[in-house]
Amino acid sequence: MESDLNINRRNFIKTLACGTVVTLSFKGLSVNILSASENSRDSTHPAWAPIPGKANWRIDGMAKVLGKKIFARDYRARDIDGWPNTERYLYPIRADRNNQVITSYDLSVLPPELSPMVVIDSEVIARDNIDLAGGMIKPFFVKLGNTADYFGQPIAMLIFENFDVYRKAKIILQFNQQVIEYGKVVKRPDPKMYSPSSAYIRDDESGFDYVNNNDDYDNLYPVIADNIEKAIDESDWNLFEREFKSQTTDPVFMEPESGLAWFNKDDGELRLVLGTQSPAGDMWKIADIFGHENCSFKLSHVDLMACYPGGGFGGRDDSYFPKYLGLCAAYADGPLRWVHDRYEQFQVGLKRHETNFKEQIALDNDGIIKALKSEFIMNGGGRRNLSPYVAQLSAISSSNSYDISKAISYAKAVDTPDLIGGSQRGFGGPQAFMAIETLLDEAAIDLKIDPFEIRRRNLLDKNSKTITGAPVHQELQLTSILDELEKQPLWQNRLAKQKIFEEDGLNYGVGLALTNRAYGTEGDGMYGGVEIKKNGQIVVHTPYIDMGNGAATALGLAPAKYLGRNASDINMGEVAFFDQLDLTTSYREISNIVTRALTKFGWADDDENSKYVSHDSGSSSACLAAFHQFHVVEQAGLALLLQTILPAAAKIWQTQPDYNEIVWRDGKLTLKDYEDLSWSVIVKTIFEERLPNIASVHASFVSEFTRADYKFTDYEVNLPLDYVAMGNRKTDLTPILRSNITYPPRKADRYKRSRFAPCGALIAVSVNPKTRQVQIEHCISVLSAGKQLCPEIVKGQSEGGVAMSIGYVFFEDCLNTNDGPGNGTWNLDQYRIPGLSDIPKKQNLIVLEAPEGEESARGIAEAVLCPIAPAILNALSAATSGHRFSKLPITEDDIKEALS
């Protein structure tokens, strides 16, 4: 199959701990292989989006409805050129409890004809000097005589000869209590903290905060925190506080994890086929596994073909699946296939953290929030993953949409033998918003202040700062969100509606919540590339992965602004364009102190650091596509306009056009007093004149983009990029000269977050006192999305966020006990997710017009989810005579208790 695919490769080099040099390469799959690029009008206007900047349907829409969309689990070794046709199959023997010593495992339950070819366990990898690497701080396997470090930790991995043997053996092994022998029950270990923990203190009275007290923050913050607590204790402020608990939940993405791997012993190359959110990170960490100087396996190259993952929601971000597959491939004598079923995915897949949190807010009699104190403790399970950073964002999000002059927020993730926590959709925000929005609603009722008004009195604005002390750069539109929600009939008529429901024997309530979800990591690097083909079609190149969030569609629209048409194709999960750029995040110090000062601040050329960029590209996060990734693809289109399109037009028009005066109209380039140029004529001239048809760019963002002056052939332009390269061959791009580089302020590194996508919601619920059933009757969301790239995708994200939040509040719960999914027996018969009847038939999304002057989109994938859960909780309080729910999920017994 590979020879028929538009597959591209990027190579780079990694040095292992033993000093061995290993090359790494990516392959990214083109959307063209999904039959998504049927064209209309002419060969350069794709059917999915013939009008510039507008999609008729998703770029992969036709492939979806025709059953042609290809996921990682669809591949077989025989489909890939150069691979052997036969496959071995992998199956793990996993610990199904975490409180007993594992004394042995017994494979004699298998008849001889179903015995595994290879058994890999702790003794085997110790013999072969396999490193505990790739970011792992826990062993690959449970060592006999010990307890498991977490539910589902492998005791052994079994390699079977073929699918038939594997299938029959799995039937015998799965759920079989005779395979693993357990010994004594042991006391649960005390949880230890995963580093780092987070502490953010803001005290305007003393001028203390995280951003502006860099040198003495760690020494002073305990003292400042004590002062704030003393002020709370000694004041006559109105205090509202509560302890909360939220459960562990599973992302339940469509396709459980799967992959292929082949470790060719002849040349030392490890080849992988995976659906992953973090292809670069996976490759680096897999290579580390073989880094011991006496390792039995000599790795020379790692090659990854990145496929559509079949959903993500954060559950594939730094997953451990690729590491185990790469490890076990070394023991197979050919390609190795591993496919999780849903039981296995529930057992070991990354989860949203079980969280214990408490919060206290202090308000004066006018409803002004005078102080906040919060603490979040997240159960990270037995692997560190991204848990400390999820906890960190909870702390950062604790003050939400409000300007609070005295604030304390602590957060940490702890190491336990439970299910593994990760970066599920929301990334710590749902817990933080649940706390402050329910407490503020309670305060409004107690202080007899309208819930909209109490929020208005405390809102952030462009003169405010966040809990870290970071300035607010955007027009957040928080007041507009509240105004739009307040005028809705759902709110205005709630009391009358309540009486109507009472006549039918039902309780009714409407709840409000407002959230201010950050997007980006406040230290983001991003690559983007655009290519004009000889047939006039446009291809986008990006290392980003579409997890089902519509990123491929949005990025396919990005070239339209400057090139007058959308992409016919997009290559995702590949960085072929970016290999030869050879960029580095290591700044080379210059010996001359004067030159060093001048070049560092962009006042002189610096040949030694011409490849320096401040931030490299990271994993694919749902909140990075619309703002960050779209930006670089759009800017690559601008580079082609300046260096390619306009010089071609100048050749035809015999004049150099001012790029501010040209306009794309009906697919043609227009300039007053000159003949309109068709795209085909422009493209023909580009290739006749050998003008560059490829642009590859990089940007770094820390509260703002790094900028530089770029000297194109006929134009000198300041761009929000820190690198541009162009040419006619992907492997030989020439950098555009840059000068006067302007970096964000140094203290912006401490902002933590500075870009936000606020969203508010009204939720109406009915409660049947007899059956204790809750029905979500109506949901209205108001979103500040900036410039909408594709309104239909925004709407879909919102609807998905509503469904996920309903599951979070009422149904979904991964128990961290031996009866939970960690025992390997859970499927969708035990893990309840919302069905169609649970989703409100009435859903409305109102997207505000972008603030004046804002031309970029905001990352909204998580924003649309965040206000739903607290709005439901506030609605339930209204429907149950003021009862406050503080533990999720809410069960029928909880409803019964509230009604009693």
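This is a predicted model: local features need pLDDT of at least 70, side-chain atom pairs count only at pLDDT 80 or more; totals for chains, interfaces and linings use all residues.

Q: At what angle do the axes of α19 and α20 cross?
A: The axes of α19 (residues 791–811) and α20 (residues 868–879) cross at roughly 55° and come within 9 Å. Axes are lines fitted to C-alpha atoms over the stretch in contact, with angles from 0 to 180 degrees between N-to-C directions. Helices are DSSP runs (H or I, at least four residues), and strands are E runs of at least two, numbered from the N terminus.

Q: Which residues make the contact?
A: On α19 they are G801, V802, S805, I806, Y808, V809 and F810, and on α20 they are I868, A869, I872, L873 and L876. Contact means heavy atoms within 4.5 Å.

Q: Switching topic, what volume does the second largest pocket have?
A: The volume is about 520 Å³. A pocket is an open set of points on a 1 Å grid where a 1.4 Å probe fits, with protein on both sides within 12 Å along at least five of seven lines; lining residues have an atom within 4 Å of a point.

Q: Which residues are closest to its centre?
A: Of the 25 lining residues, they are H631, Q635, F705, P720 and S856.

Q: Which elements give two or more residues to the lining?
A: They are α15 (560–563), α17 (625–653) and β28 (716–719). The largest share, eight residues, comes from α17.

Note on methods:
Residues are numbered from 1 along each chain as its sequence is written. Side-chain values use heavy atoms; hydrogens and water are left out. Grid points are joined across faces, edges and corners, and a volume is the space filled by probe spheres set on the points.
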